[in-house]
Amino acid sequence: MSISVIAQDIILAHRSEIIETRGHHMVGVRWPVIGSRGDKYHVEMVEYGFTCDCIAYAKCKHIKGVERLLADPLDENQKLV
Ligand SMILES: [Zn+2]
């Protein structure tokens with residue numbers, strides 16, 4: 001990983017209060033997320049939190065959705081019942 005990539009992650013990443021992302025085995029994993037208007041975004045876990053390629057500056061609902069999924073996968077299943 002180059003220095004510029006790390007610097008970009010620090011600037012763009014939204015820290016997670018739920019998940020310790022530093023050293024997490026899923027760092028570098030990207031999740032496709034379908035937005036409310038059917039548009040597609042990608043949430044990625046980086047060392048310093050999560051990034052999303054949507055235009056929101058604040059931590060967006062796409063990131064929060066992935067956080068919830070990782071924090072408690074069973075919770076997502078229960079919603080479907
Ligand atoms: Zn987003």
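Arg22 lies in the loop between α1 (3-12) and β1, and although Arg22 and Tyr48 are 26 residues apart in sequence, their C-alpha atoms are 6.2 Å apart in space. The model in which these values were computed is a predicted one, so that local features need pLDDT of at least 70 and side-chain atom pairs count only at pLDDT 80 or more, while totals for chains, interfaces and linings use all residues. Residues are numbered from 1 along each chain as its sequence is written.

The protein has three helices and three strands, and along the sequence they follow the pattern α-β-β-β-α-α. Both kinds of element are DSSP runs numbered from the N terminus, helices being H or I over at least four residues and strands being E over at least two. Of the 81 residues of the protein, 19% count as buried. Among the contacts with a separation of 6 or more, 47% join residues 24 or more positions apart, a contact being a pair of residues whose C-beta atoms, placed from the backbone, lie within 7 Å.

The three strands form an open sheet in the order β1-β2-β3, with antiparallel pairing. Because β1 (30-34) and β3 (49-52) stand at the edges with a single partner strand each, one side of each is left without a neighbour in the sheet. From one strand to the next the twist averages 25°, an angle taken between N-to-C directions on a scale from 0 to 180 degrees, with axes that are lines fitted to C-alpha atoms, for helices over the stretch in contact. Strands are treated as paired if DSSP finds at least two bridges between them.

Five bridges hold the antiparallel pair of β1 and β2, and within this pair Val33 has Tyr41 in β2 as its bridge partner. The two strands form a hairpin with five residues between them, and Gly38 in the turn has a positive phi of about 85°. The hairpin formed by β2 and β3 has two residues between the strands.

Lys40 has its place in strand β2 and is exposed, because 11 other C-beta atoms lie within 10 Å. Leaving aside neighbours within four places in sequence, Lys40 is in contact with Pro32 and Ile34, and its C-alpha atom is separated by 9.3 Å from that of Asp53, 13 residues apart along the chain.

The largest nonpolar core has nine residues, namely Ala13, Val33, Val43, Met45, Val46, Phe50, Cys52, Ile63 and Val66. Such a core is a set of buried Ala, Val, Leu, Ile, Met, Phe, Trp, Tyr and Cys residues joined through C-beta atoms within 7 Å. The elements that give two or more residues to this core are β2, β3 and α2 (61-71), and the largest share, three residues, comes from β2. Phe50, one of the core residues, touches Ala13, His14, Ser16, Val43, Glu44, Met45, Ile63 and Val66, not counting residues up to four places away in sequence.

Notes: Buried ≥ 20, exposed ≤ 12 C-beta atoms within 10 Å, placed from the backbone. Contact = placed C-beta atoms within 7 Å.
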